[in-house]
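Please look through the structure shown below with its sequence at hand, keeping in mind that the model is predicted.

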Amino acid sequence: VTLANPILVIDDEKDIRDLVAFTLLRMKEKADTADGVADAKAKIDSRPYSLILTDMRMPDGNGMEILEYV
């Protein structure tokens with residue numbers, strides 16, 4: 001089953017972001033990435049997501065901020 005909207009992957013470490021996004025693409029899921037809290041909030045404001053996967057600690061905030069924002 002493919003999700004209706006993309007998945008947002010949030011992590012300040014590029015290698016982890018890319019690995020998770022690549023894995024999702026291999027599973028036939030669309031994925032967007034964000035490198036921190038500010039980038040994630042801007043992307044969340046611009047389109048709907050079926051799922052958000054977030055790192056907990058990032059230089060500009062934490063994953064709980066994302067959950068509260070959503």
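Three strands form an open sheet in the order β2-β1-β3, and their pairing is parallel. The edges are taken by β2, which spans residues 31-34, and by β3, which spans residues 51-54, each of them pairing on one side only. On average, and with direction ignored, neighbouring strands of this sheet are turned by 20° against each other. Between β1 and β3 the parallel pairing extends over 4 bridges, and within this part of the sheet Ile7 stands opposite Leu51 of β3.

Helix α1, made up of residues 14-26, packs on this sheet and touches β1, β2 and β3, while its direction makes about 170° with that of β2. Helix α2 likewise lies across β1, β2 and β3, and runs at about 140° to β2.

The largest nonpolar core comprises 9 residues, namely Leu8, Ile10, Ala34, Val37, Ala40, Ile44, Tyr49, Met58 and Ile66. Two or more residues of this core come from each of β1 (7-10) and α2 (37-46), and it is α2 that gives the most, with 3 residues. One of the core residues, Val37, has contacts that can be followed individually: when residues up to four places away in sequence are not counted, Val37 touches Met58 and Ile66, and also Asp60, Gly61, Asn62 and Glu65.

Which charged residue is buried yet has no salt bridge? This is Arg17, a residue of helix α1. The nearest side chain of opposite charge belongs to Asp18 and is 4.9 Å away, whereas a salt bridge requires a side-chain nitrogen of Lys or Arg within 4 Å of a carboxyl oxygen of Asp or Glu. Leaving aside residues up to four places away in sequence, Arg17 touches Val9, Asp11, Asp12, Thr33, Ala34 and Asp35; Ala34 is also among the residues of the largest nonpolar core.

The phi angle of Lys28 is near 70°, a positive value in a residue other than glycine. Is Lys28 buried or exposed? Lys28 counts as exposed because its relative accessible area is 65%, and the term applies to values over 50%.

Methods
Residues are numbered from 1 along each chain as its sequence is written. This is a predicted model: local features need pLDDT of at least 70, side-chain atom pairs count only at pLDDT 80 or more; totals for chains, interfaces and linings use all residues. Side-chain values use heavy atoms; hydrogens and water are left out. A nonpolar core is a set of buried Ala, Val, Leu, Ile, Met, Phe, Trp, Tyr and Cys residues joined through side-chain atoms within 4.5 Å. Buried means under 20% relative accessible area, exposed over 50%, partly exposed in between (1.4 Å probe, protein chains only). Contact means heavy atoms within 4.5 Å. Two strands pair if DSSP finds at least two bridges between them. Axes are lines fitted to C-alpha atoms, for helices over the stretch in contact, and angles run from 0 to 180 degrees between N-to-C directions. Lys and Arg count as positive and Asp and Glu as negative; His and the chain ends are not counted.
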